[in-house]
Amino acid sequence: MDFDEILPDIGEYGTYQRLVLWFLLLPGTMPCGFHAYNQLFMASTPEHWCRYPTTLDGVPPDLARNLSIPYDNTTHQYSRCQRYDYNITQYLEDYGKAATGPPPGTPVIPCDHGWVFSQDEHASSVVADWDLVCDRGFLPTLALVLLGVSGLIGNYVFGYIQDGCGRRPAFFIYLVIQCAFGIGTAFTPSFIWWLVCRVGVGFTVPAIMSTPMVLAIELVGPSKRTYTTVVMNVAYSFTLILLAGVAYLVRDWAQLSLATTIPFLSFLLFWWVLPESPRWLLANGRLDEAEKIMKKMARVNGKTLPENYMATLRRKYEVEQYMAGKEEKTTTQRTYGVLDLFRSPNLCRKTIIVTFIWFTNTSVYVGLSYYAPALGGDAYLNFFLAGVAELPTYLFLWPSMEYWGRRWTLCFSMIVGGSACVATVVTQEDPTVTLVLYCVGKFGISSSFVVLPLMASELYPTVVRGMGLSVSSVAGMIGPVVIPLINHLGSEMMVLPLIIMGVLLNLGGVFSLLLPETLHQHLPQTLEEGEEFGKHWTLSDYCTCCPKRPSNANSRTVPTSYSDGTHEVNTLLSSKIDEGKSENDLRKRNSQQQQLYENGRKSQQVGEEVNEGDESAGINQSLVTSGPKITVV
């Protein structure tokens with residue numbers, strides 16, 4: 001049953017959807033944004049140098065550093081991992097105020113008495129507390145890698161939870177896990193336990209973002225999918241801006257962990273108001289629960305439904321089940337898995353393309369976000385500006401997705417962003433131009449990252465939509481696993497990570513044109529509809545831009561006829577034909593018709609004629625349509 005056919009009757013985007021979107025789903029993006037990047041600030045590396053074994057009381061800090069730490073005239077920085085090996089106390093006694101530097105030829109050795117960390121930017125840091133520098137300097141990068149690995153696993157598991165248990169329970173399961181490990185992070189006694197808690201948090205990132213995004217798309221009609229997607233991503237960008245402010249105000253890493261976790265405990269109160277997706281309920285045959293939500297949607301949206309409306313929907317569902325060879329009382333609910341995405345050729349092709357593009361988008365988006373502090377200057381300001389840079393993209397996206405369509409907008413965004421990143425290879429000597437190209441690349445990736453989840457949600461059938469999004473995002477999470485390593489290469493060649501990201505974006509942009517356009521199309525419900533969607537596209541279809549709205553997009557009446565083995569009882573599944581009848585009467589009549597079907601199947605004999613001209617010869621029990629079945633193609 002296509003929920004898009006029902007939405008015009010109960011409200012495609014009314015008061016109900018607005019309340020859920022603005023007060024539940026938009027705040028629901030915050031846990032993902034906060035926990036995806038708060039680790040950058042918790043594990044940031046302050047300025048540091050070797051701790052000298054002799055106490056230099058009374059010696060000015062600058063002089064003490066000159067006497068004990070080697071200075072590199074090329075980089076104009078003090079060494080972070082080496083110190084001079086000589087007796088500074090004796091040297092000062094011998095030379096007094098004349099001592100401005102170490103004796104000539106003084107040997108240099110690695111830090112052997114710990115480090116001194118600057119507190120100019122951070123009151124405390126994981127790196128400073130556990131000396132994660134020099135030969136242990138790879139450990140903060142390893143923590144980011146493991147955060148990505150755990151997110152990859154969590155996304156895979158989340159697909160089963162979301163499609164098996166529902167969108168609503170999945171959100172709260174991940175919220176509880178994230179809050180528990182987020183709070184536990186603040187009380188860890190060692191780096192190992194801190195890493196364990198970060199892996200637990202990473203298990204929910206970005207899986208916890210999927211439920212608000214999917215719910216927002218599934219609650220509204222096709223004409224509002226672009227709007228809801230853009231608004232959800234605007235909320236996410238504001239979350240990153242807010243995180244920069246919180247991190248700037250809370251400089252202690254343990255307090256930052258609490259400040260970015262405890263407020264989300266209040267989201268557990270959403271349990272009593274966050275609805276399940278009625279589209280998912282209908283796709284899984286849970287009609288009673290779907291009816292309650294749809295009635296509430298209609299009431300809040302100010303829509304008046306005919307008395308027999310829900311009974312009509314029930315009959316339509318039973319007809320569709322019967323036509324598919326299923327009888328409601330004897331059917332066991334099918335369980336869908338990852339392999340269902342690859343069994344049919346067209347759906348398999350779309351899954352592979354979407355997954356590759358998702359990998360490129362996630363890799364570049366996370367990579368550029370991680371890369372912002374490497375641009376120099378204030379890390380908090382850079383992260384803040386990286387979030388602000390995303391906001392202008394939505395002014396471009398809104399009209400372009402509605403006019404050009406999803407494919408060309410996605411392609412254009414990725415090509416522009418990728419070309420800007422690649423162009424840094426010829427401007428690496430000019431930091432200002434490199435910064436400008438970085439911002440253009442951020443613009444492109446931010447745009448494509450908005451279009452992709454929407455387009456993927458419209459391509460995957462409802463019965464495996466959560467699974468499909470999970471598979472694609474799991475592949476995408478491979479990017480955050482390797483991106484910290486790629487960014488680590490930027491310490492030698494600053495633009496190298498940008499070049500790698502640019503090449504990935506350009507490839508993804510080319511492949512995006514191989515997907516069918518989803519603008520103005522109904523969401524596919526079954527695997528069969530997902531396979532048929534775009535299956536017969538020609539070269540001219542793939543080259544077409546600016547798709548027009550189909551004239552029959554809002555057709556919702558499906559005429560059917562029933563046969564009891566002796567005659568056909570023609571019924572039009574429309575509220576008008578049953579006007580004035582109560583829902584109980586309709587269910588009673590439907591039960592009687594089902595009994596006729598059983599009798600006809602058992603007897604295989606001629607029955608009583610009820611309509612002049614009906615065929616009364618002994619024919620096999622069948623259920624056929626007297627009009628074309630609405631199919632999403």
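Trainee: At what angle do helix 11 and helix 18 pack, and how far apart are their axes?
Mentor: Keep in mind that this is a predicted model. Helix 11 and helix 18 pack at about 170°, and their axes are 10 Å apart.

Trainee: Parallel or antiparallel, then?
Mentor: Angles over 145 degrees count as roughly antiparallel, therefore helix 11 and helix 18 are roughly antiparallel to each other.

Trainee: Which residues meet there?
Mentor: Helix 11 brings Thr226, Tyr227, Val230, Asn233, Val234, Ser237, Phe238 and Ile241. Helix 18 answers with Leu391, Tyr394, Trp398, Met401 and Glu402. By class, that contact has 9 nonpolar, 3 polar and 1 charged residues.

Trainee: What about helix 18 and helix 19, how do their axes cross?
Mentor: The axes of helix 18 (residues 391-403) and helix 19 (residues 406-422) cross at roughly 140° and come within 7 Å. That makes helix 18 oblique to helix 19.

Trainee: Who makes that contact?
Mentor: On helix 18, Phe396, Leu397, Ser400, Met401 and Glu402. On helix 19, Arg406, Thr409, Phe412 and Ser413. The residues split into 4 nonpolar, 3 polar and 2 charged. Met401 and Glu402 also meet helix 11.

Trainee: Switching topic. How many cavities of 30 Å³ or more are there?
Mentor: The structure holds 5. The largest cavity has a volume of about 610 Å³.

Trainee: Which residues are closest to the centre of the largest cavity?
Mentor: Cys32, Pro206, Met209, Trp358 and Phe449, out of 35 lining residues.

Trainee: And which elements give two or more residues to the lining?
Mentor: Helix 3 (30-42), helix 7 (139-165), helix 10 (207-219), helix 11 (225-249), helix 16 (345-371), helix 20 (431-459) and helix 21 (465-476).

Trainee: How does the lining split by class?
Mentor: The lining of the largest cavity has 23 nonpolar, 11 polar and 1 charged residues.

Trainee: Back to packing. How do helix 3 and helix 8 sit, parallel or antiparallel?
Mentor: Helix 3 and helix 8 (residues 167-185) pack at about 20°, with axes 12 Å apart. They are therefore roughly parallel to each other.

Trainee: Is the crossing left-handed or right-handed?
Mentor: Helix 3 passes helix 8 in a left-handed crossing. Pro31, Cys32, His35 and Met42 of helix 3 contact Leu175, Gln178, Gly182 and Thr185 of helix 8.

Conventions
Residues numbered from 1 in each chain as written. Predicted model: local features only at pLDDT ≥ 70, side-chain atom pairs only at ≥ 80, totals over all residues. Heavy atoms only, no water. 1 Å grid on protein atoms, 1.4 Å probe; cavity = no way out; pocket = protein on both sides within 12 Å on 5 of 7 lines; lining within 4 Å. Points joined across faces, edges and corners; volume = space filled by probe spheres on them. Helix = DSSP H or I, 4+ residues; strand = E, 2+ residues; numbered from the N terminus. Nonpolar A, V, L, I, M, F, W, Y, C, P; charged D, E, K, R; others polar. Axes fitted to C-alpha atoms, helices over the stretch in contact; angles between N-to-C directions. Parallel < 35°, antiparallel > 145°, perpendicular 65-115°, else oblique. Left-handed = near helix turned anticlockwise from the far one by under 90°. Contact = heavy atoms within 4.5 Å.
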